[in-house]
Amino acid sequence: MALTPSNMMPLGTIAPDFNLPDTVSNAQKGLQQLRGSKGTVVMFICNHCPFVKHIDQALVQLGRDYQGSEVSIVAISANDVSSFPQDSPEKMAEKARDLGYSFPYLYDESQAVAQAYQAACTPDFYLFDAELACVYRGQFDDSRPGNDTPVTGSDLRTAIENLLAGNPVSEDQKPSIGCNVKWK
């Protein structure tokens with residue numbers, strides 16, 4: 001596990017488009033169909049990373065809290081499954097069902113979407129506004145495996161709540177820290 005920070009996509013960057021298979025439904029899903037009317041969270045996660053496992057339950061809660069709201073949530077895994085078979089689409093679907101993800105869990109086999117988003121680690125979070133301009137990128141919160149800080153999702157949740165309320169999202173944002181994306 002290589003400890004890797006986010007690349008911190010420039011604020012204002014327009015979300016790169018994608019059309020990827022949803023591991024649960026096996027349907028192709030694209031950004032345009034998944035985007036929320038006020039905002040869209042795109043997160044890069046995977047099954048095996050201890051940093052993602054550390055926040056799994058909080059991700060499930062985040063999905064539940066914003067389900068049916070004007071902000072949509074999409075998870076993408078881009079890891080090389082030949083080296084990390086636990087991140088395969090079949091295992092992704094199993095995890096999504098077992099945990100009760102209320103958001104799509106998409107598989108980026110070519111890794112082109114992860115590259116377009118400048119994703120560097122899992123987890124890596126992006127929040128885009130109604131026009132798909134990046135208003136937040138970085139960490140979920142200050143909690144990390146072993147640091148005894150409670151998992152709250154406060155950084156991402158504050159950004160989402162400000163966006164929904166029509167308030168500016170603070171530009172004081174911290175990079176996420178996690179396992180590096182497993183490139184081919």
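**How do the axes of α2 and α5 cross, and within what distance do they come?** The axes of α2 and α5 come within 12 Å and cross at roughly 10°; axes here are lines fitted to C-alpha atoms, for helices over the stretch in contact, with angles running from 0 to 180 degrees between N-to-C directions. The two helices α2 and α5 are therefore roughly parallel to each other, a label for angles under 35 degrees. On the α2 side, Gln61, Leu62, Asp65 and Tyr66 meet Leu156, Arg157, Ile160, Glu161 and Leu164 of α5, where contact means heavy atoms within 4.5 Å. The residues of this contact divide into 5 nonpolar, 1 polar and 3 charged (Ala, Val, Leu, Ile, Met, Phe, Trp, Tyr, Cys and Pro count as nonpolar, Asp, Glu, Lys and Arg as charged, and the others, Gly among them, as polar).

A note for all views: this is a predicted model, in which local features need pLDDT of at least 70 and side-chain atom pairs count only at pLDDT 80 or more, while totals for chains, interfaces and linings use all residues. Residues are numbered from 1 along each chain as its sequence is written, and side-chain values use heavy atoms, leaving out hydrogens and water.

**Helix α5 and its buried residues.** Helices (H or I, at least four residues) and strands (E, at least two) are DSSP runs, numbered from the N terminus. Asp155, Leu156, Arg157, Ala159, Ile160 and Leu163 of α5 are buried (under 20% relative accessible area; exposed is over 50%, partly exposed in between, with a 1.4 Å probe and protein chains only). These buried residues pack against β4 (39–44), α2 (50–66), β5 (71–77), β8 (124–129) and β9 (134–138). After α5 comes Gly166, with a positive phi near 80°.

**Asp129 in strand β8.** Asp129 is buried, at 15% relative accessible area. Leaving aside neighbours within four places in sequence, Asp129 is in contact with Lys38, Gly39, Val135 and Leu163. The C-alpha atoms of Asp129 and Leu163 are separated by 7.2 Å, though the two residues are 34 residues apart along the chain.

Asn26 has a positive phi of about 65° although it is not a glycine, and is exposed at 66% relative accessible area. Gln118, in the loop between α4 (112–116) and β7, has a positive phi of about 60° and is partly exposed at 33%.

Note on methods:
Parallel < 35°, antiparallel > 145°, perpendicular 65-115°, else oblique.
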